[in-house]
Amino acid sequence: MSLAASLMNGLNLGAIYGLIALGYTMVYGIAKMLNFAHGDIIMTGALTIVISVHQFGISPWLSILLSIGVCVSLGVLIEKIAYKPLRKASSLSVLITAIGVSFLLQNTAQLLFGSSLRSFPKAFQIPTYGIGGFELKGDRLLTSLITALLMVGLVWIVYRSKVGLAMRAVAQDRDTAELMGIDANRVISMTFAIGSALASVAGLFYGIAYGFVGPYSGSMPGIKAFTAAVLGGIGSVPGAIVGGVLLGLIESFAKTYLSSELSDAIVFAVLIGILFLKPTGLMGQEIREKV
Amino acid sequence: MLKISKQRKRWFAWLLLSGVYIVIMLLMQEKMLSRHAQSLLVPLCINIILALSLNIVVGMLGELSLGHAGFMSIGAYAGGVFSLQTQDYLPPLLRYPLAILLGALVAGVFAGVLSIPVFRLKGDYLAIVTLAFGEIIRSLIINFAWSGGAAGLKGTPRDTTFTTAYLLTVLVWMISQKIYGSRLGLEMRAVRDNAIAAEACGIDVMNRKRAGFIMAAAIAGTAGVLYSHYYTILTAGVFDYNRSIEILVMVVLGGMGSMFGSVVSAITLTIAPEALRFLNDYRMLIYSLLLITAMLARQSRIFDSLKQRLKEVKRPHGATE
Amino acid sequence: MHFKQKWVFVLSLLLVFVMVTGCNQQPVAKAPVEEVVLKIGGSGPLTGSAASYGTSVKQGAELAVDELNNNGGVAGMKFELLFEDDAADPAMAVNAYARLVDQGMNVSMGTVTSGAGMAMTEEVKKDGFLMLTPSASQKEITRYPNSFRVCFTDPDQGTYAADFIKTNDLATKVAILYDKSSDYSTGIRDAFVAQASVVDLNVVEEQAFTDQSNTDFSVQIQAVEQSGADLLFLPIYYEEAAMILKQSTNLDVVYFGVDGMDGVIGQMGSEYAALTEGVMLLTPFAADSKDEKTVHFVEAYVERFESTPDQFAADAYDVVYTIAAAVEKAGVTSPKDKDFNEKMIAAMTQIEVEGVTGTMTWSEDGEPAKSATAVVIKNGKYVAFER
């Protein structure tokens, strides 16, 4: 396959990864925790759309709103019930809980909706254009556009708004921020809300891109999102996009020139490699630990 | 409290261990053990070994390893391939222990290699890297012919019996106890509780973490050999992320760091799903709920006991209140 | 913590006790108490990602057992179906088998998936039961004289497919996209490639995926496109096949699958039905077939389970009817008969069964001799292939 086609493919992949990584990196940057369940919230969003359109006949636009609503409520709920009580606990406990939440979402979805994949509604179909032998996927174009817009919006919120100021304060030093009168709990809940909203949008585009969604569809995107976020520097919003595109390119080239079956192993190996060489990612900052 | 001497305690433990074995063997002889119960004996031992091994990493070191099943599979394949290659010219009495040692060795080597990048990282990252490792191993196994590919490794000699499994389990238990009580164990726990303070005390943190990780992996490898020589077939799908989580649940529920707890919860979580087969649909759901509630409960308990201790500290000085 | 530990210990001892004394579970399809009962025991994935296959098998068998019982049983015996979950895991399959033995199973249905079945076939051999699996397709499953199967082996399907494509001149350049993590898929692919070189069929491109990366096929599809192939061979299951169909709308090939592809119509749903137009499969069972037996089976299945039966259900249905045929041939009237197992096994090579998956006879190696039909999907239905 030609280099250009492979490149195009990589960008196609990267568009989705960047979007998924955005929510992930945001939550990590501010709440300082890896929300293992992020991928599963993506799945929830996508499934909500599928079920509401196919089973309840809700209109596509409304289903998107519904999906955002469901994801945001879910994210905030999870934070309140499972993560907040463990704020003072060791990170090990939080991690284990996050895994528990992830499993909970997957298996609840499976019990409610069965383990088979479900077809994503045709209403969301976006055509693919063949231009000069390349496949220009309309849906990836849209994904990239939306991701770019979201990124701009996010950067604006985080760096230009009062809420964003509070977020950055909490991210830097939670206790001091609280001393300064910031309600850290509210800030963190807000962070999860935004992150989950991003996840639901990611779910929409995931469904459009791949055509089918099932209860376990979220776990691989979750890991890839983490990889993308780490590649670009976790906690950095633009880094998520850079990381996503980079990951897409790596995966595409690996599939084309090395082996399509081993591509995932290669991606994981890249993750380990990056963490080994530059643990804070390409655009991340050095963390100095004070005793 | 009865003052039982250490000698007495040890003697009692030996009695208990051999007693359990004899009882089970007798039941089997007299055909009083249902076929179903019999089929669980070896898996029970395997799970106990796995739980004990993960406990070293999660309980003693305080790190989350999500790819532990990967070490089990490495050991299983290493031992399996060895047995298959040598089954024509080595007697089982020699071949089987060698297979077990090889499984432990290869798993340990892999852990050693992995620990180089892994322990540069902190909690979250470490967990993800171990997850990535588990998936890489699975991918390699599926894709390469020597491991039988998708169809798996078939026809490993059936060397594992309840007796051998039980012996290995007791051995692992003894080793774990030794580690726990040794200076190494103490240092590992110090690293878990406060790595910076431990380093300030002169403990080589990186080294200790590596040591614990490698030992845990080697033990998991032996469990893998037990597995492959009992079920005589190995497929990559058996040692996946879900498996790693199942072992994690055992360790967490048993109380992280508690050896006895790991054993008990391994027994419970091996028998319960089989005894309660009608709940199979909900099994993973129940596990996830158990994980979450265990973490939440643990958290509040620490708070409670802290509060209590604070109260008790105040009272003696409260004479003037 | 210690207190809690003691309770957990007590609880686990209780569970051990329960296990030892045996906990009786209701069988799936039951027979009234006074009669002589033949218990058929099987296991399959009822949970996990392969749950739909296990459920299909269980339902197909249930249907057959109830039909037989309602028609007065077989040789004076009523059938009873015992089915356990094995989540497609070898260890769990062995446990499931043990439980079935405790429940008094007389004939085994083996497992649904090959991977899970390999270990338990050792157990069945030791016990000597007749084992007839509906769908475990790896060759080694039937390596012992007491084990038989109803479905094709993977190598057979691959060989038939290559022959069929060549004989009917369906393509000049063939591309293959298969699942490297599935023994089913790799088994068929291996045989296909081998036979293709024998019959001079030109395989221009091979691409693979694994269960870790089974959502995005864009790279593989692009490669197929660039190879100029006019037929894409898909020895995979319908879930991935449906995804590939959706993601390759710009690909101009004939899609060709084997029995795993059955079910793709339902998976695609009505919105995207057009994408299945022209897809071909080589399969022993087609739900839209017009022959009497199939029509009756499909009708009964749809009425009871509210969904169209797939290959797995059809295979399981045939398993039960085959056991019935073996019973009649063996001349047994009760599972307690002397040499029951040996008679049943001997009968297997002497019977001919007209099932919904074809007319079958068995050879001593446990394989069925039957043929596959080719179907094309037209307007969302299977239609017999005509040259």
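**Interfaces and selected residues in a predicted three-chain model**

Between chain C and chain B the count is 6 salt bridges, a salt bridge being a side-chain nitrogen of Lys or Arg within 4 Å of a carboxyl oxygen of Asp or Glu. One of these pairs joins C:Glu123 to B:Arg35, with the closest N and O atoms 3.1 Å apart. The model is predicted, and local features need pLDDT of at least 70, side-chain atom pairs count only at pLDDT 80 or more, and totals for chains, interfaces and linings use all residues. Residues are numbered from 1 along each chain as its sequence is written, chains are lettered from A and ligands numbered from 1 in the order in which they are written, and side-chain values use heavy atoms, with hydrogens and water left out.

The meeting of chain C and chain B can also be described through polar contacts. Across this interface there are 13 residue pairs in polar contact, both residues being at pLDDT 80 or more. A polar contact is a pair of N or O atoms within 3.5 Å; within protein, one must be able to donate a hydrogen and the other to accept it, and residues adjacent in sequence count only if both atoms are side-chain atoms. On the chain C side, the elements giving two or more residues are α1 (2-21), β2 (77-85), α3 (90-102), α4 (114-127) and α6 (183-199). Helices (H or I, at least four residues) and strands (E, at least two) are DSSP runs, numbered from the N terminus. The largest share of that side, 11 residues, comes from α3(C). Sorted by class, the side of chain C that touches chain B holds 18 nonpolar, 12 polar and 14 charged residues. In this sorting, Ala, Val, Leu, Ile, Met, Phe, Trp, Tyr, Cys and Pro count as nonpolar, Asp, Glu, Lys and Arg as charged, and the others, Gly among them, as polar.

In total, 44 residues of chain C are in contact with 41 residues of chain B, where contact means heavy atoms within 4.5 Å. The area buried between these two chains is about 3700 Å², and carbon and sulfur atoms give 58% of this. Buried area is the accessible area (1.4 Å probe) that two parts lose on being put together, summed over both.

The next interface is that of chain A and chain B. Here 41 residues of chain A are in contact with 46 residues of chain B. About 3800 Å² is buried between chain A and chain B, with 79% given by carbon and sulfur atoms. In chain A, α3 (60-83), α4 (91-113), α9 (219-232) and α11 (263-277) each supply at least two residues of the side that touches chain B. The most comes from α4(A), with 14 residues. By class, this side of chain A has 31 nonpolar, 6 polar and 4 charged residues.

Chain C itself is divided into domain 1 (36-151 + 290-371) and domain 2 (155-283), with bounds that come from an automatic or database domain assignment. The C-alpha centres of the two domains of chain C lie 29 Å apart. Between them, 11 residues of domain 1 are in contact with 9 residues of domain 2. The area buried between the two domains of chain C is about 840 Å², 45% of it from carbon and sulfur atoms. Within domain 1, C:Tyr53, C:Ser137 and C:Gln311 lose the most area to domain 2, together 47% of what that side buries.

A few single residues complete the picture. A:Ser252 is found in helix α10 (residues 237-258) of chain A and counts as buried at 0% relative accessibility; buried means under 20% relative accessible area, exposed over 50%, and partly exposed in between (1.4 Å probe, protein chains only). The side chain of A:Ser252 reaches the backbone oxygen of A:Ser6 at 2.7 Å and the backbone nitrogen of A:Gly10 at 3.5 Å. Most residues other than glycine have a negative phi. In B:Thr232, phi is near 55°, a positive value; this residue lies in the loop between α9 (205-231) and β2 (233-234) of chain B and is buried at 10% relative accessibility. Phi of C:Glu306 is likewise positive, near 55°, but C:Glu306 is exposed, with a relative accessible area of 72%.
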